[in-house]
Amino acid sequence: MSITAQSVIRRVIDTLQDNTSIRWPVPELVRYLNDGQREVVVYRPDAMVTHTTLQCVAGARQAIPANGSKLIEVVRNAAPSSSRAAIRVTNREVLDAQLPGWHNFPGTTEILHYTYDPRDPTAFFVYPPASAAAQVDLVYSAYPTDVPEPADGSTFEAVTGEISLPDIYGNVLQDYILYRAYMKDSEYAGNAQRAQAHYAAFANALGIEIKATVAVAPRTTGAAARAVPQA
C-alpha cells in the first residue's frame with residue numbers, strides 16, 4: 001500500500017510542533033513535498049523506474065515517453081512482426097566511423113543496437129533505423145506526479161493523494177520537507193543547523209539505499225557470467 005501524502009505532512013507537522021499550521025502553512029509543505037519528489041529523482045532516477053513498450057517513429061532518432069526524465073535501458077524488439085530479439089547498446093562513434101550513412105538506411109522492425117548520450121537524456125538512436133511499425137521494450141525514469149495542493153488555510157486533513165515514489169522514500173521526503181521548512185526560518189538560532197542536518201540525512205539515506213540495492217541485486221558470477229545459453 002502506497003504512503004499517503006497526508007501521512008507524510010502530518011509527521012512533518014508533528015516534528016515542527018506547528019499543529020495550527022500558522023508558521024508553515026499546509027499548502028507550503030505540500031509544495032516542499034513535490035519539490036522533494038523531484039529532487040529524489042534527480043539523484044536517484046531508479047526511484048521512478050518505469051517499463052513500457054514504445055511505438056517507434058520512422059528513422060534513427062527516438063524519444064522516451066513525455067513523462068520521462070531519462071532513458072535507463074532499451075531491452076528488446078517488441079513489434080508483433082519482429083523476432084523479439086535483445087537490443088544491445090553500442091558506441092555511436094563506431095557506427096559513424098564504419099557506416100557514416102547509417103542514418104539513411106532503410107527502416108526495419110528488427111533493431112540490433114541503440115546508442116545513448118547522457119547529455120541528451122530523453123533521446124536515443126537505433127541501428128538500423130526503425131520503421132513506423134517498429135516497437136521496443138524500454139526502461140526509463142519517469143517524472144513524479146505532484147500531490148494536489150490544498151486551498152490556503154487548510155489543515156493536513158485536506159491533503160489528498162499518495163506519493164509517487166516507493167514507500168521506502170517516505171522518511172527521505174520528510175527530511176527534505178523539514179530541510180526546506182527550517183531554511184525558511186534560518187535566521188532563528190539553530191534552524192540553519194537543523195536544516196543542514198535534515199538535508200544531510202536526506203542525501204545520506206539516498207546513498208545508503210543505493211548501496212543496499214546493489215548489495216542484494218541478482219547477479220551471475222564466475223563461469224556462469226561468461227556462459228552463453230544455447231537456443
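At 38% relative accessibility R31 counts as partly exposed, and its salt-bridge partner, E149, likewise counts as partly exposed, at 44% relative accessibility. This is a predicted model, and I will keep to what can be computed from it. The side chains of R31 and E149 meet with a distance of 2.6 Å from N to O. R31 lies in helix α2, residues 26-43, whereas E149 lies in the loop between β7 and α4, so this pair ties together parts of the chain that are 118 residues apart in sequence.

Let me stay with helix α2 for a moment. The helix has 18 residues and reaches 26 Å from its first C-alpha to its last, which is close to the 26 Å expected at 1.5 Å a residue. As for its covered positions, V26, P27, E28, L29, V30, Y32, L33, N34, G36, Q37, V40 and V41 are buried.

Now to strand β7, residues 135-142. How many of its residues are buried? Eight of the eight are, so by the cut-off of under 20% relative accessible area the strand is mostly covered. Both faces are involved, with Q135, D137, V139 and S141 buried on one side, and V136, L138, Y140 and A142 buried on the other.

Which strands pair with β7? Strand β1, residues 49-55, runs antiparallel to β7 and is joined to it by seven bridges, and within that pairing T53 has D137 as its bridge partner. Strand β3, residues 68-77, is also antiparallel to β7 and is also joined to it by seven bridges, with L71 standing opposite Y140.

D137 is buried, with a relative accessible area of 14%, whereas R76 is partly exposed, with a relative accessible area of 31%.

Turning to the other sheet I want to show, this one is open and has four strands, in the order β2-β6-β5-β4, with mixed pairing. The edges are taken by β2, residues 59-63, and β4, residues 88-89, each of which has a single partner strand, so one side of each is left without a neighbour in the sheet. Inside that order, strand β5, residues 113-115, and strand β6, residues 123-130, pair in the antiparallel sense over three bridges, and T115 has F125 in β6 as its bridge partner.

To finish, back to charge pairs. A search of the whole structure finds ten salt bridges. One further pair is R119 with D117, whose closest N and O atoms are 2.7 Å apart; here R119 is exposed, with a relative accessible area of 75%, while D117 is partly exposed, with a relative accessible area of 23%. There is also a network of salt bridges, in which D35, R38, D146 and R180 are linked.

Notes. Residues numbered from 1 in each chain as written. Predicted model: local features only at pLDDT ≥ 70, side-chain atom pairs only at ≥ 80, totals over all residues. Heavy atoms only, no water. Buried < 20%, exposed > 50% of the residue type's maximum accessible area, 1.4 Å probe, protein only. Helix = DSSP H or I, 4+ residues; strand = E, 2+ residues; numbered from the N terminus. Pairing = 2+ DSSP bridges. Salt bridge = Lys/Arg side-chain N within 4 Å of Asp/Glu carboxyl O. Expected span 1.5 Å × (residues − 1).
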